[in-house]
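Subject: Structure handover

Hi,

Here is the structure you asked about. Please load it before you read on.

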Amino acid sequence: MQAPLGIVATLCAALLLGCNGGIPDARADVESGRAIYAKECAQCHGINGDGAGAASLGLGVVPPDLVGLTGRNDGVFPREFVRRFVLGLLEKEDPDAAMPEFGTVGLQHVYPDGGAGAEVLHTDIAALLDYLETIQQ
Ligand code: HEC
């Protein structure tokens with residue numbers, strides 16, 4: 001029974017690669033989104049987005065997982081909510097919340113020399129959202 005499983009897995013992998021290969025731009029966005037996530041978000045939300053990254057240990061509030069955003073939103077990825085939350089455009093329940101407002105502080109770990117202007121930020125946040133959408137469970 002192991003051979004058929006292996007074949008199925010290989011076919012799935014081939015299909016996935018085929019899909020990504022067909023839309024190179026989208027793939028590039030997801031890859032840069034993954035890099036941005038690793039630098040700006042993973043320390044709190046976990047390297048895989050499952051919450052409780054290392055930096056969360058000293059926080060009063062545990063950062064929620066980000067792989068269940070779709071699950072908590074009736075099966076629809078809440079792209080606009082996440083965009084606004086990350087940029088700090090939403091009113092916060094807790095004004096002392098630990099999460100940085102990236103619209104104000106910028107992507108400091110991606111651009112340690114302060115390079116990101118508003119347009120870059122917009123493109124990078126779009127890539128980040130593309131990536132987050134791919135990790136939903
Ligand atoms: C310093 C730790 C920290 C960093 C860095 C951080 N977050 Fe958060 N995040 C939190 C905490 C804590 C919360 C819980 C709500 C709050 O405190 O505002 C949260 C909440 C969220 C939420 C709301 C989730 C929900 O289900 O309501 C989203 C979306 C989110 N973060 C995305 C991100 C993204 C994307 C990044 C990287 C660009 C990031 N966060 C970086 C700590 C962090």
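Below are notes on the fold, the pocket and the ligand.

This is a predicted model: local features need pLDDT of at least 70, side-chain atom pairs count only at pLDDT 80 or more, and totals for chains, interfaces and linings use all residues. Residues are numbered from 1 along each chain as its sequence is written, and side-chain values use heavy atoms, with hydrogens and water left out.

Fold

The protein chain has six helices and zero strands. Helices (H or I, at least four residues) and strands (E, at least two) are DSSP runs, numbered from the N terminus. Of the 137 residues in the protein chain, 28% are buried. Buried means under 20% relative accessible area, exposed over 50%, and partly exposed in between (1.4 Å probe, protein chains only).

Pocket

The largest pocket has a volume of about 890 Å³. The search runs on a 1 Å grid over the protein atoms alone; a pocket is an open set of points where a 1.4 Å probe fits, with protein on both sides within 12 Å along at least five of seven lines. Lining residues have an atom within 4 Å of a point. The volume is the space filled by probe spheres set on the points, which are joined across faces, edges and corners.

The lining of the largest pocket counts 37 residues, and H45, P64, F85, K92 and M99 lie nearest the centre. By class, the lining has 24 nonpolar, six polar and seven charged residues. Ala, Val, Leu, Ile, Met, Phe, Trp, Tyr, Cys and Pro count as nonpolar, Asp, Glu, Lys and Arg as charged, and the others, Gly among them, as polar. α4 supplies the largest share of the lining, five residues.

Ligand

The ligand sits in the largest pocket, meaning that more than half of its atoms lie within 2 Å of the grid points. Around the ligand are 22 residues, with C41, C44, H45, A97 and M99 coming nearest; near means a heavy atom within 4 Å. This shell has 18 nonpolar, two polar and two charged residues. Again α4 gives the most, with four residues.

Two pairs of atoms to look at:
- A polar side-chain atom of H45 lies 2.8 Å from a ligand nitrogen atom.
- An N or O atom in the R72 side chain is 3.2 Å from a ligand oxygen atom.

One more residue

R84 is found in helix α4. R84 counts as partly exposed because its relative accessibility is 38%. R84 and E101 are 17 residues apart in sequence and 9.5 Å apart in space, C-alpha to C-alpha.

Best wishes

Methods: A polar contact is a pair of N or O atoms within 3.5 Å; within protein, one must be able to donate a hydrogen and the other to accept it, and residues adjacent in sequence count only if both atoms are side-chain atoms.
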